[in-house]
Amino acid sequence: MAALPADRREILFLAYYLGLTQPEIAHRLGRPLGTVKSHSRRGLRALALDVTERGGPTARRNARPPTRTSPG
């Protein structure tokens, strides 16, 4: 999460660690609700891509099983 821009990191922190809703976050930060929603979506997408690139659970689940070769 440290690699995210500060505004996206702050919004995700408020949502997932403090349990605030997007309207509550918008009010608390004085930002439009649409901005909070888009930053949330983009932040989550960036985190998902990072996990996938590092070989996290999503990458393993979507990976193809190894193919078997016949001896000989």
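## Surroundings of H39

H39 touches D7, R8 and I11, leaving aside residues up to four places away in sequence; contact means heavy atoms within 4.5 Å. The model is predicted, so local features need pLDDT of at least 70 and side-chain atom pairs count only at pLDDT 80 or more, while totals for chains, interfaces and linings use all residues. Residues are numbered from 1 along each chain as its sequence is written, and side-chain values use heavy atoms, without hydrogens and water.

The side chains of H39 and D7 are joined by a polar contact of 3.3 Å. A polar contact is a pair of N or O atoms within 3.5 Å; within protein, one must be able to donate a hydrogen and the other to accept it, and residues adjacent in sequence count only if both atoms are side-chain atoms. H39 is buried, at 13% relative accessible area (buried is under 20%, exposed over 50%, partly exposed in between, with a 1.4 Å probe and protein chains only).

## Salt bridges

A salt bridge is a side-chain nitrogen of Lys or Arg within 4 Å of a carboxyl oxygen of Asp or Glu. By this rule there are two salt bridges. In one, E10 pairs with R31, with the closest N and O atoms 3.8 Å apart. E10 has a relative accessible area of 33% and is partly exposed; R31, at 28%, is also partly exposed.

D50 forms a salt bridge with R54, where the closest N and O atoms are 3.0 Å apart. D50 is partly exposed, with a relative accessible area of 30%, whereas R54 is exposed at 67%.
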